[in-house]
Amino acid sequence: MFAEDLKNSLIVSCQPVPDGPTDTADFVVGFAKAAIDAGARALRIESVAYVAAVRAAVTVPIIGIVKRDLDDSAVRITPFVSDAEALMAAGADIVAFDATDRPRPASVKALVQAVKARGKLTMADCSSLEDARQALAAGADFVGTTLSGYVGGPEPVDPDLDLIAAMRRLTPFVIAEGRIRTTEQAAAAARAGAYAVVVGSAITRTEHVTAWFRDAVTSAYGSRTDQENAVLAIDIGGTKTMAALVVGGEVVEDITVPTRREDGPDAWLAGIAEATRSWAGRYTRVGIAVTGFIEDGCWSALNAATLNIPYRYPLLRGAAALFTVPVLAVNDAQAAAWGEYRFGAGASASRDGHGNLVFLTISTGIGGGIVINGRPLQGLAGHFGLIRGPSAGKSPLEDLTSGRWMAAEAAKLGHAATAAEIFTWAGEGASWAKEIVAQSAFRAATLCRDIQMMLDPGVIVIGGGIGLADGYIERMRRAFDGMDARVTPRLVPALLGSRAGVVGVASLAAEMPQRQT
């Protein structure tokens, strides 16, 4: 079994609730076989007996662990060398063990040596970057985020994406594990740099999943009276427009219609009004997110190449006439910044003591939003794509970095390729495509360094089709190598995806209904 077998894979942890109704070998084997049938490439199994039972039924790699409650040590996962040896004898290909810096029966080095003596691989379950550094020094093959948040203090809710990214700078062999409960979180862990992603409770612990859904359903039934707080949120983009009914950060319903650039804003608004006619009476205010600049209720373009609109188009007046409820309008990236801050990847910024966040969307163009001291900045704030450096001449940054620029560069080299196709070529090793992606990522990283020095945000959330493309954020992070940790930007991938704008503008409309009507 080689490390390559786990690259870019899903690993399913088949560990039933102890003494629960599924805590039998038959159930564990059934979970394991079902996971493999659905595409899992490896399994994580607890106990020697269950490893042996699963090994007899499957051929994929097995990560084996033993859990013990000891009187003299807080270490629970494979604490003894004899546990590691028993797991290997039962059929484990990889032995995982607690690698935290706590009093322990056997050292990390002793566990690694015992496993390697049998020709097997090791996985160090870590709680911190220092745990990972020490485990790698001892010869561990993989490091995992398994114990982040479990060695003291309140248990976090979300996966530790920052630790995944930090470990990735030490080694490519990072296994993301711990509190990955949704498909969005699994994807975010992969984007953060994980070599493989482990999902456990969300797949194999029925008791936990049922409790999550019970709480969600109970909350939904309890909030039916919140209908008066529903917002019709509209995000007008360069190629498509999304409309959604949003309550408290949750998208209840949504639709998407094309944005025909040649039609103009009157037709765009009328089309949305018609498409959402059946929602009339279900919302009490409207929030509109748009590219460009909003001032005194009027909408103007700052870069006509992104979406050309008449100068100072009376957006709020036209929308209020169509929807007959109060209307708020903000820049789309500023709305997305607020959505990510309140409900997405920026949740950690609200806990960092000052609540500062910058959102950067890298796509057809480059947009951004800023949240300072828990308040969103509007007006021109965050229009980072329009920054002009001294060497750029008259061209704004987005014209030298964005998806449009990437496609134009490819055309200059004789390749008719979209930005998405350029990433595909780069992934297949084409040097011209790799160079285009590298240049774009370096310029975006340079922008982030400047943002960090100017605003000192807790995190910079990266979104957009380019920003979230495979490997792009990691390329940006490599541009920070050698920087002092205090001034290094903390980059995290956006979690709300294409819904960030509607979620953010709905929240702003709900909380500030009198700002623009």
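Visitor: What makes you place F343 in helix α12?

Guide: F343 belongs to α12, which covers residues 332-343. Helices here are DSSP runs of H or I with at least four residues, strands are runs of E with at least two, and both are numbered from the N terminus. Before we go on: this is a predicted model, where local features need pLDDT of at least 70, side-chain atom pairs count only at pLDDT 80 or more, and totals for chains, interfaces and linings use all residues. Residues are numbered from 1 along each chain as its sequence is written, and side-chain values use heavy atoms, with hydrogens and water left out.

Visitor: Why is F343 called partly exposed?

Guide: Buried means under 20% relative accessible area, exposed means over 50%, and partly exposed is in between (1.4 Å probe, protein chains only). F343 comes in at 32%, so partly exposed is the label.

Visitor: Which residues is F343 in contact with, leaving aside its neighbours within four places in sequence?

Guide: Contact means heavy atoms within 4.5 Å. With those neighbours set aside, F343 touches G248, G249, L496, V503 and S507. S507 sits 164 residues away in sequence, yet the two C-alphas are 9.7 Å apart.

Visitor: On to E177. Why does E177 count as buried?

Guide: Its relative accessible area is 10%, and the cut-off is the one I gave, so E177 is buried. You'll find E177 in the loop between β7 (174-176) and α7 (183-191).

Visitor: What makes the pairing of the E177 and T146 side chains a polar contact?

Guide: A polar contact is a pair of N or O atoms within 3.5 Å; within protein, one must be able to donate a hydrogen and the other to accept it, and residues adjacent in sequence count only if both atoms are side-chain atoms. The E177 and T146 side chains make theirs at 2.8 Å. T146 is also one of the residues in contact with E177, alongside others including R44 and D125.

Visitor: How do you know that β1 pairs with β2?

Guide: Two strands pair if DSSP finds at least two bridges between them. β1 and β2 (residues 42-46) have four, in the parallel sense, and S13 stands opposite R44 there.

Visitor: Why is β1 described as largely enclosed?

Guide: Five of the six residues in β1 (residues 9-14) are buried, so the rest of the structure largely encloses this strand.

Visitor: What makes F142 and F173 an edge-to-face pair?

Guide: Rings of Phe, Tyr and Trp (its six-membered ring) pair if their centres lie within 6.5 Å; planes under 30 degrees apart count as stacked, over 60 as edge-to-face and the rest as tilted. F142 and F173 are 5.9 Å centre to centre with 85° between the planes, hence edge-to-face.

Visitor: And why is the pair of F173 and Y195 edge-to-face?

Guide: Their ring centres are 4.9 Å apart and the planes meet at 70°, so edge-to-face applies. F142, F173 and Y195 make up one aromatic cluster. F142 is buried at 0%, and Y195 is buried at 8%, whereas F173 is partly exposed at 28%.
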